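The following exercises ask the reader to examine residues and elements one at a time. Each task is followed by a solution in steps.

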Amino acid sequence: MELGNFENSSTTLMTDFLKKCGGCAIVDGGLATELERHGADLNDPLWSAKCLISSPHLVRRVHLDYLDAGANIILSASYQATIQGFVAKGLSVEEAESLLRRSVEIACEAREIYYDKSTKGSWDYIESGNISRRPVLVAASIGSYGAYLADGSEYSGKYGDAVSLEKLKDFHRRRLQVLLKSGADLIAFETIPNKLEAKACAELLEEEGINIPAWFSFNSKDGINVVSGDSILECASIADSCKQVVAVGINCTPPRFIHGLVLSIRKATSKPIVIYPNSGETYNAELKQWTKSSGVVDEDFVSYINKWREAGASLFGGCCRTTPNTIRAIGSVLSKNP
């Protein structure tokens, strides 16, 4: 499905997609969690992007697992895939750019495999007397500058005085240009930890004359501000003012904080709100591992869905430590409350 016609307003593009999905859409869940479950070793600065080099078949398998679980949007394995990061591993710029494109191609291949094998079922719906296949978009994931640093700074938003607006734009520019021509339906700027990076991404979208839509998702550790301490209202306002941005939301944030954040975002924008929190565990940047805090099981995670929907969210999924079971459970809740 193509969303790239900017003759319509950006909000209409996502609104039409949501209408085709029945009012709400389901985003996939954690990629790294599932890759590790399938045997991948992600102890690497490239994290899940390492699998683009070592085991692309596992990436495709995880995408298919999420499609089988009911996802309407799958995100490419490019969150931590940067040209700078690949070059640091000894690859050429050309090889790095090829891997970025490959991340989206693998997701698109998974979608085609899913469509080929899918048969009439509960997720199909009838349109004009014909069985229509479930709408599925491929979103090209773009992680924050902090994700590239691989030091946990996407969870603090503290980049230091040396990191300017222009430096952030330069960092993201070529990766964005490559992913724009990769076949993705959507660009997902994820885990944006501060207002400066939101502004950099918005300006870059406008300067590059982007002709496919994007979403901005931020992260929070207090339910009031983004992780840097910047106002979620101000960050959401930056996203709202960018015509290429078709949805605004929150990812990689404990479920207990989401409701208040949705209410705050709704004050700043009328664009659709996308929500994909983590499991509730906390990431320890020094140990490079997740630690138990108020982690919730799938059933508890999805018990929040209707509350978030009532607050104004319309796209729901999971981030770190969530699984296809989480996504399946979200779909079950939404199907019971159409």
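**Exercise 1. State what N251 touches, where N251 lies and whether it is buried or exposed.**

Step 1. Contact is taken as heavy atoms within 4.5 Å. Not counting residues up to four places away in sequence, N251 touches E190, T191, S217, F218, N219, Y276 and C319.

Step 2. N251 belongs to strand β8. Helices (H or I, at least four residues) and strands (E, at least two) are DSSP runs, numbered from the N terminus.

Step 3. The relative accessible area of N251 is 1%, so this residue is buried. Buried means under 20% relative accessible area, exposed over 50%, and partly exposed in between, with a 1.4 Å probe and protein chains only.

Step 4. The side chains of N251 and S217 are joined by a polar contact of 2.8 Å. A polar contact is a pair of N or O atoms within 3.5 Å; within protein, one must be able to donate a hydrogen and the other to accept it, and residues adjacent in sequence count only if both atoms are side-chain atoms.

The model is predicted: local features need pLDDT of at least 70, side-chain atom pairs count only at pLDDT 80 or more, and totals for chains, interfaces and linings use all residues. Residues are numbered from 1 along each chain as its sequence is written, and side-chain values use heavy atoms, with hydrogens and water left out.

**Exercise 2. Identify the buried residues of helix α10 and what covers them.**

Step 1. Helix α10 spans residues 232-241, and its buried residues are I232, C235, A236, I238 and A239.

Step 2. These residues lie on the same side of α10, because they cover an arc of only 150° around the axis. The arc is that of the directions from the helix axis to the C-beta atoms.

Step 3. The cover over the buried residues includes α9 (195-207), β7 (214-218), β8 (245-251) and α11 (258-268).

Step 4. At the N-terminal end, S231 caps α10, with a side-chain oxygen 3.1 Å from the backbone nitrogen of L233.

**Exercise 3. Which residues touch the most other members of the largest nonpolar core?**

Step 1. A nonpolar core is a set of buried Ala, Val, Leu, Ile, Met, Phe, Trp, Tyr and Cys residues joined through side-chain atoms within 4.5 Å. The largest has 81 residues, of which I187, F189, L205, F216 and F218 touch the most other members.

Step 2. Helix α6 (residues 93-117) gives the most to this core, with ten residues.

Step 3. A second, separate core has 21 residues, among them A25, V27, I73 and A139.

Step 4. Beyond its neighbours within four places in sequence, L205 is in contact with L176, F189, I210, A214, F216, C242, Q244 and V245.

Step 5. In soluble globular proteins, nonpolar side chains tend to be buried together.

**Exercise 4. Compare the positive phi values of C252 and R321.**

Step 1. C252 is not a glycine, and its phi is positive, near 50°. The residue lies in the loop between β8 and α11.

Step 2. R321, also not a glycine, has a positive phi of about 75°. Its place is in the loop between β12 (313-316) and α14 (324-336).

Step 3. Most residues other than glycine have a negative phi.

Step 4. C252 is buried, because its relative accessible area is 6%. R321 has a relative accessible area of 35% and is therefore partly exposed.

**Exercise 5. Describe T269 in the loop between α11 and β9 (273-276).**

Step 1. T269 counts as buried because its relative accessibility is 5%.

Step 2. A polar atom of the T269 side chain lies 3.0 Å from the backbone nitrogen of K271.

Step 3. Leaving aside neighbours within four places in sequence, T269 is in contact with D240 and V248.
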